[in-house]
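Dear colleague,

Please find the structure below. My notes on two parts of it follow.

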Amino acid sequence: MEYRLTGMTAVALGAGALLPGSAAAQTLDLNVAIPRLSVAEYHRPYVAIWLEKEGGPTRTVVVWYDFDMKNGEGTKWLRDIRMWWRASGRTMSFPADGVSSATRAPGSHKLTLVGGRGGMPTLSPGKYTLSIEAAREVGGREILRLPFTWNGSTAVSAKAAGASELGAVSLTLKR
């Protein structure tokens, strides 16, 4: 088989090296553990993850809820994720493209979010707090906050551990 490389193809391929791509993009690696609870009636938690920049707006990054329920009934329970709901949830339309996703089973869940895609904004240098809140029907509610400072280039990490509805949570932000 023979391949021909035309001038336009070569220009298009070469131009990709000059454009900022995923190699130069900010990447937030997030690990969220949902503990296995021994309770009589277990329901998967609704979880919201959002970013707050000091002095800036709140950005919802991820919301795990029952988005496929008939007539959108899963959204009526989103207000139980109280801190997130007050911060930005009540102003959103659901399902939110790139943000909404199904609830998760107990276990460790790894997310890789790229700045400027889905719900993950491109971050300018500054002080931030990543908040994770979980609420469960016939269960409890818990919020974890992971403060970090982003200088725009040096990788940063933060960790926290929940006591009931959330387990260990960690983040690494890098370019």
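The side chain of Arg 136 is in polar contact with the side chain of Glu 165, at 2.8 Å. This is a predicted model. Arg 136 sits in the loop that runs between β6 (126-135) and β7 (141-150). Its relative accessibility is 9%, and because the cut-off for buried is under 20%, Arg 136 counts as buried. Leaving aside residues up to four places away in sequence, Arg 136 touches Glu 165 and also Leu 37, Val 39, Glu 41, Tyr 42, His 43, Arg 44 and Pro 45.

The other part concerns aromatic rings. There are 6 aromatic pairs in the structure. In one of them, Tyr 65 and Phe 67, the ring centres are 6.2 Å apart and the planes stand at 70°, so this pair is edge-to-face. Tyr 65 is buried, with 1% relative accessibility, whereas Phe 67 is partly exposed at a relative accessible area of 37%.

Tyr 65 also pairs with Phe 94: the centres of their rings are 5.6 Å apart and the planes are at 80°, so the pair is edge-to-face. This pair links distant parts of the chain, 29 residues apart. Tyr 65 lies in the loop between β3 (58-64) and α2 (82-87), and Phe 94 in the loop between α2 and β4 (100-101). Phe 94 counts as partly exposed, at 22% relative accessibility.

Taken together, ring pairs join Tyr 46, Tyr 65, Phe 67, Trp 84, Trp 85 and Phe 94 into a cluster.

Regards

Terms used
Residues numbered from 1 in each chain as written. Heavy atoms only, no water. Phe/Tyr/Trp six-rings, centres within 6.5 Å; stacked < 30°, edge-to-face > 60°. Buried < 20%, exposed > 50% of the residue type's maximum accessible area, 1.4 Å probe, protein only. Helix = DSSP H or I, 4+ residues; strand = E, 2+ residues; numbered from the N terminus. Polar contact = N/O pair within 3.5 Å; in protein donor to acceptor, adjacent residues only side chain to side chain. Contact = heavy atoms within 4.5 Å.
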